[in-house]
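Hello,

Here is the structure I promised to pass on. My notes follow below it.

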Amino acid sequence: MTGRSTVVNALRAQRIELPSWAFGNSGTRFKVFAQRGVPRDPFEKIADAAQVHRYTGVAPTVALHIPWDRVDDYGALARHASDLGVALGTINSNVFQDDDYMLGSVTNPDARIRRKALDHLLACVDVMDATGSRDLKLWFSDGTNYPGQDDIRARQDRLAEALTAVRDRLGPDQRMLLEYKLFEPAFYTMDVPDWGTAYAHCLQLGDKALVVVDTGHHAPGTNIEFIVAMLLRAGKLGGFDFNSRFYADDDLMVGSADPFQLFRIMHEVVQADALRHESGVAFMLDQCHNIEPKIPGQIRSVMNVQEATAKALLVDVAALRHAQSSGDVLGANAVLMDAYNTDVRPLLAAVRTEMGLDPDPMGAYARSGYGDRMVIERVGGQQAGWGA
Ligand code: PSV
Ligand code: MN
């Protein structure tokens, strides 16, 4: 059994990155519901993210989405973040919200549009230089809706060309993380639909290119922890976009739909010793809070990841190995289930107290009155939203 201090230290050192866009208004294609007090610009989004870190202590960085978070002075944004006790993290590119991209961005049959998309990706690396970010996250909505619409292999060639140009632009300490998605917005072929495609491109691109697993981007029933294990084994797991889904890319709070799956994923991470920040795996949230308040939604999500992590850390590895090597199927499964069924909330409360935090982050945030103050303060202006 792993000693308590090892478990506690791992939990204290855990880092979870928050998405700036989770703090703005969001919804579905049917309706975006406006909530009172939401941020109106990237500075206010960072302020809200800092609240999540303040009460959890393990969410010290905020991912930006360009152009949603475009500002004139990224140095000023980084200083603002630092003043609030957080830092800017991954830069997410956006080549999916321009009329030009109807038939694709970097895989578009039109060379002018491909160039425009590539220029955006390169501009994102300029932003990384200004913010000091390590990672560029690339997600492409590119794909086709109908058989015959475009040449599948030619689109892969165009994708490879763009990715190579991005790789060549990266600085020595910068990385590119390629995210795959089974479907949506394209319905027949996505150009990066699965981890195999992402992995194949990243292998060609070399050390700076790694795969991102967004937990909402698979077919129902996919064994995500198997993918995680394979990528970890190959040294090609760059990070996670955590969220939950019941049906498709629901972007619900991580750990809400299937906490057992989250535990199984974190078990693979812990077994590969990839929880440590130095392992290079980025643990990010990529969620939307359409009907729930956003800051508590993020706090709850961080806590859900912590709970899954704590359970994964509690797996009795020696007993598990013994059961596995002696062919004890039920015993091995029982070791895992014992850890999963442990109530880790008292342990996490104790860890928070040791960190000088309130043991109850949700309650502490509610008692702070921050949300109510923002409703009063943030009147007028244009509320930030998914896509703005
Ligand atoms: C696409 O569905 C995605 O998961 C990508 O990470 C995007 O950048 C993000 O969502 C935007 O919310
Ligand atoms: Mn994502």
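The radius of gyration is taken over C-alpha atoms, and the globule rule is 2.2 Å times the number of residues to the power 0.38. For 388 residues a compact globule would have a radius of gyration near 21 Å; the protein chain has 21 Å, so the two agree. The C-alpha trace spans about 60 × 60 × 40 Å along its principal axes.

This is a predicted model, where local features need pLDDT of at least 70, side-chain atom pairs count only at pLDDT 80 or more, and totals for chains, interfaces and linings use all residues. Residues are numbered from 1 along each chain as its sequence is written, chains are lettered from A and ligands numbered from 1 in the order in which they are written, and side-chain values use heavy atoms, with hydrogens and water left out.

The protein chain has 14 helices and 12 strands (DSSP runs: H or I of at least four residues, E of at least two, numbered from the N terminus). Of its 388 residues, 54% are buried (under 20% relative accessible area, 1.4 Å probe, protein chains only).

One helix pair is worth a look. Helix α8 (residues 259-271) packs against helix α11 (residues 329-340) at about 115°, with axes 11 Å apart (axes are lines fitted to C-alpha atoms over the stretch in contact; angles run from 0 to 180 degrees between N-to-C directions). That angle makes α8 roughly perpendicular to α11 (65 to 115 degrees). On the α8 side the contact (heavy atoms within 4.5 Å) uses P259, F260, F263 and H267. α11 supplies L336, M337, A339 and Y340.

Best wishes

Terms used:
Parallel < 35°, antiparallel > 145°, perpendicular 65-115°, else oblique. Buried < 20%, exposed > 50% of the residue type's maximum accessible area, 1.4 Å probe, protein only.
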